[in-house]
Amino acid sequence: MHATTHSSPPLIRWIGKLVDWLVIGLGGSLAVLIFINVLMHAAGKDLAWLTELGEMIMVWVTFLGGAAAAQRGAHMSINEFLDKLSPTGRKWADAAVQTFTLVIVAVVLYYGVGIVRGSWGNVLTTLEWPMAWQYMPLPLGMGLMGVFVGWDLILILRGVPREQRYPSD
């Protein structure tokens, strides 16, 4: 059973699929924009708004991609020490790591919301959109990570081992 697929509540599964599709769609859009931009540069032309839009999409893909990784337990970890623990020790170590992660996510979310709120009055140079749109994926990605990490913490506390929460494919 996968933490965000089989054993998770329908809302978390739906959020996970939405995040996945957003990353796929935005990533594909970014690839197309980069290709168009390369062709434009090869032709000696430059569309500054195209570069700025690509930068914004890259920020969105980065933070949504972080949330997608969190739902799969795919963030980098060094498990040599944790793998040597007893099942009970591993449970509490995993719970401590996820609790610490939730604290960090909450802090970044809090300050990210402040950055977004404070940037509505500034505009992007060429697109002339509120700069808040460029900063918005920071708190959004952190909120989504919080959902997935929080659910994983619940499963840990219920005694579901990592191998069952995140089976290797």
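Modeller: A pocket is an open set of points, on a 1 Å grid over the protein atoms alone, where a 1.4 Å probe fits and protein lies on both sides within 12 Å along at least five of seven lines; its lining residues have an atom within 4 Å of a point. The second largest pocket has a volume of about 200 Å³, where volume means the space filled by probe spheres set on grid points joined across faces, edges and corners. Lining this second largest pocket are 16 residues, and those closest to its centre are Pro87, Arg90, Lys91, Pro161 and Arg162.

The model is a predicted one, in which local features need pLDDT of at least 70 and side-chain atom pairs count only at pLDDT 80 or more, while totals for chains, interfaces and linings use all residues. Residues are numbered from 1 along each chain as its sequence is written, and side-chain values use heavy atoms, with hydrogens and water left out.

The helices α3 (80–83), α4 and α7 each supply at least two residues to the lining of the second largest pocket. Helices here are DSSP runs (H or I, at least four residues), numbered from the N terminus. The greatest share of this lining comes from α4, with 5 residues. By class, the second largest pocket is lined by 6 nonpolar, 3 polar and 7 charged residues; Ala, Val, Leu, Ile, Met, Phe, Trp, Tyr, Cys and Pro count as nonpolar, Asp, Glu, Lys and Arg as charged, and the others, Gly among them, as polar.

The largest pocket holds about 500 Å³ of space. Its lining has 27 residues, of which His75, Ser77, Val97, Gln98 and Thr101 are the closest to its centre. At least two lining residues come from each of α2 (48–72), α4 (87–118), α6 (137–157) and α7 (162–165). Again α4 gives the most, this time 9 residues. The lining of the largest pocket divides into 16 nonpolar, 6 polar and 5 charged residues.

On the α2 side, Val59, Trp60, Phe63, Leu64, Gly66, Ala67, Ala70 and Gln71 are in contact with residues of α6, including Leu144 and Phe148; contact means heavy atoms within 4.5 Å. The contact of α2 with α6 comprises 14 nonpolar, 3 polar and no charged residues.

Helix α1 (residues 10–42) meets α6 as well, with axes within 11 Å and a crossing of roughly 135 degrees. This angle makes α1 oblique to α6. In this contact, Ile12, Ile15, Gly16 and Val19 of α1 face Leu144, Val147, Phe148 and Trp151 of α6. By class, the contact of α1 with α6 has 7 nonpolar residues, 1 polar and no charged.

Finally, α1 packs on α2 at an angle of about 150 degrees, with axes 8 Å apart. The pair α1 and α2 is therefore roughly antiparallel. Their contact contains 16 nonpolar, 8 polar and 2 charged residues.

How values were computed. Axes are lines fitted to C-alpha atoms, for helices over the stretch in contact, and angles run from 0 to 180 degrees between N-to-C directions. Angles under 35 degrees count as roughly parallel, over 145 as roughly antiparallel, 65 to 115 as roughly perpendicular and the rest as oblique.
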